[in-house]
Amino acid sequence: MHLYRYIGLNPVRAGMVNDPAEYKWSSYQINGLGKESALCKPHEQYNRLAKSKSVRLESYRTLFKSHVEGAQLKDIRQATNKGMAIGTDIFKQQIEELTGRRIKSAKMGAA
């Protein structure tokens with residue numbers, strides 16, 4: 001969910017909009033406001049926010065009341081700049097198997 005916040009708040013950080021709901025290319029309108037879309041399917045982490053749609057929407061909006069900061073922000077930016085995946089080791093392994101690319105940092109001196 002940190003990545004949802006990071007991505008959804010990018011236009012706010014960039015000064016393009018004051019609120020993530022104002023950015024028409026964001027999934028925030030779908031996940032936070034309940035806008036219907038044939039393009040976006042809810043992620044299982046999003047669905048885990050609550051059983052009720054109204055509570056899930058409110059929970060999602062609450063996540064966006066603060067920016068991603070500190071170590072989380074550093075980790076996201078570092079992984080993005082290096083083209084690495086963010087997630088559990090199992091997730092990273094699955095992505096590596098699907099793409100045939102190394103998605104996590106190798107140990108120093110490893111090929």
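**Note on the predicted model**

1. pLDDT is the predictor's confidence in each residue, from 0 to 100. Helices are DSSP runs (H or I, at least four residues), numbered from the N terminus. The protein averages 89, and 95% of the residues score at least 70.

2. This is a predicted model: local features need pLDDT of at least 70, side-chain atom pairs count only at pLDDT 80 or more, and totals for chains, interfaces and linings use all residues. Residues are numbered from 1 along each chain as its sequence is written, and side-chain values use heavy atoms, with hydrogens and water left out.

3. Helix 1 and helix 5 (residues 70–82) pack at about 85°, axes 11 Å apart. The axes are lines fitted to C-alpha atoms over the stretch in contact, and angles run from 0 to 180 degrees between N-to-C directions. The two helices are therefore roughly perpendicular (65 to 115 degrees). Helix 1 contributes His2, Leu3, Tyr6 and Arg13 to the contact; helix 5 contributes Gln72, Leu73, Ile76 and Arg77. Contact means heavy atoms within 4.5 Å.

4. Tyr60 touches Met1, Tyr4, Ser27, Tyr28, Asn31, Gly32, Tyr46 and Leu49, leaving aside neighbours within four places in sequence.

5. Lys65 sits in the loop between helix 4 and helix 5. Lys65 is exposed, at 66% relative accessible area (exposed is over 50%, 1.4 Å probe, protein chains only). Leu9 is 56 residues from Lys65 in sequence, yet 9.7 Å from it in space, C-alpha to C-alpha.

Note on methods
Parallel < 35°, antiparallel > 145°, perpendicular 65-115°, else oblique. Buried < 20%, exposed > 50% of the residue type's maximum accessible area, 1.4 Å probe, protein only.
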